[in-house]
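Please look through the sequence and the structure shown below before reading the briefing.

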Amino acid sequence: MINLALDNHPHLKRRLHIIIGSLLTLTFILIIARVADKGTPTTRTNTWGIAVCIKAAVFLAYQVLTTYTDRFKRWASPRANMILDIIDTVFWFALFIISIMGASGGQSTSSKALGGVVAVLALTLCGMVGLLAFVCVQDWRYFKMHGVVPGVVKSPC
């Protein structure tokens with residue numbers, strides 16, 4: 001069972017960032033391998049995943065840098081994290097649907113198999129990013145009420 005308590009959010013977000021980064025890298029590599037396969041037509045349904053992975057990597061880089069690096073904390077925004085994760089969830093679900101469409105148009109068994117694996121990874125990433133979006137929505141609500149995200153002690157000024 002996942003502990004979704006507010007005091008556990010920093011640990012949960014760190015774990016989710018690691019899992020999402022790992023799955024994102026694997027998905028990107030498999031999409032490139034699928035496009036390089038001779039049995040895969042180079043259509044928009046097969047190459048769109050590259051753009052989704054790059055977009056998700058940029059979103060994740062922003063979140064990780066502004067969360068864990070002191071130099072970039074001044075650009076941290078719980079609202080931006082929430083919006084980026086909600087957008088990312090929709091894009092991963094769209095990649096799931098488009099990967100199924102692209103896999104059905106494959107001309108070789110390896111292309112269809114890679115398309116199926118990419119579709120499963122996209123659906124998994126949709127769920128993981130959806131969970132991260134839920135956590136970020138809770139963080140944003142907490143931030144609106146208290147002025148800090150959960151896990152951060154407010155300094156007396």
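The model is a predicted one, and its protein chain holds four helices and zero strands. Of the 157 residues in the protein chain, 38% count as buried.

**Overall fold**

- Reading from the N terminus on, the elements of the protein chain follow the order α-α-α-α, and the C-alpha atoms fill a box of roughly 65 × 35 × 20 Å when the box is taken along the principal axes.
- The helices are H1, covering residues 9–36, H2, covering 44–68, H3, covering 78–104, and H4, covering 109–146.

**Spans listed in the UniProt record**

- Under "transmembrane region", the unreviewed UniProt entry lists residues 16–36, 48–68, 80–101 and 113–137.
- In the model, the span of residues 80–101 is 100% helix and 0% strand, and its end C-alpha atoms are 31 Å apart.
- The span of residues 113–137 is likewise 100% helix and 0% strand, with 36 Å between its end C-alpha atoms.

**Enclosed cavities**

- Rolling a probe the size of a water molecule over the atoms shows where empty space is left.
- A search of the whole structure finds two cavities of 30 Å³ or more, and the largest cavity contains about 70 Å³ of space.
- The lining of the largest cavity is made up of Ile-31, Arg-34, Thr-45, Asn-46, Gly-49, Leu-95, Ser-99, Gly-115 and Val-118, and each of the helices H1, H2, H3 and H4 supplies at least two residues of that lining.
- Which helix gives the largest share of the lining of the largest cavity? That helix is H2, which provides three residues.
- By class, the lining of the largest cavity divides into three nonpolar, five polar and one charged residue.
- The second largest cavity has a volume of about 60 Å³, and its lining is formed by Ile-20, Leu-24, Ala-56, Phe-59, Leu-60, Gln-63, Leu-84, Asp-85, Asp-88, Val-129 and Leu-132.
- Two or more residues of the lining of the second largest cavity come from each of H1, H2, H3 and H4, and H2 gives the most, with four residues.
- When the residues lining the second largest cavity are sorted by class, eight are nonpolar, one is polar and two are charged.

**The largest pocket**

- The largest pocket holds about 490 Å³ of space, and of the 20 residues that line the pocket, the closest to its centre are Thr-66, Thr-67, Ala-76, Val-149 and Val-152.
- The elements H1, H2, H3 and H4 each give two or more residues to the lining of the largest pocket.
- The lining of the largest pocket has ten nonpolar, seven polar and three charged residues.

**Aromatic rings**

- The count of aromatic pairs in the model comes to three, and one of them joins Trp-48 and Phe-91, whose rings are stacked, at 5.9 Å centre to centre and with 25° between the planes.
- Why does the pair of Trp-48 and Phe-91 tie together parts that are 43 residues apart in sequence? It does so because Trp-48 lies in helix H2 while Phe-91 lies in helix H3.
- Trp-48 is partly exposed, with a relative accessible area of 24%, and Phe-91 also counts as partly exposed, at 31% relative accessibility.
- The ring centres of Phe-93 and Phe-96 are 5.9 Å apart and the ring planes lie at 40°, so this pair is tilted, an angle that falls between the cut-offs of under 30 degrees for stacked and over 60 for edge-to-face.
- Both Phe-93 and Phe-96 lie in helix H3, where they are three residues apart, about one turn of the helix.
- Is Phe-96 buried or exposed? Phe-96 is buried, because its relative accessible area is 17% and the cut-off for buried is under 20%, whereas Phe-93 counts as partly exposed at 43% relative accessibility.

Notes:
Residues numbered from 1 in each chain as written. Predicted model: local features only at pLDDT ≥ 70, side-chain atom pairs only at ≥ 80, totals over all residues. Heavy atoms only, no water. 1 Å grid on protein atoms, 1.4 Å probe; cavity = no way out; pocket = protein on both sides within 12 Å on 5 of 7 lines; lining within 4 Å. Points joined across faces, edges and corners; volume = space filled by probe spheres on them. Nonpolar A, V, L, I, M, F, W, Y, C, P; charged D, E, K, R; others polar. UniProt positions renumbered as here; feature names shortened; annotations may be inferred. Phe/Tyr/Trp six-rings, centres within 6.5 Å; stacked < 30°, edge-to-face > 60°. Buried < 20%, exposed > 50% of the residue type's maximum accessible area, 1.4 Å probe, protein only.
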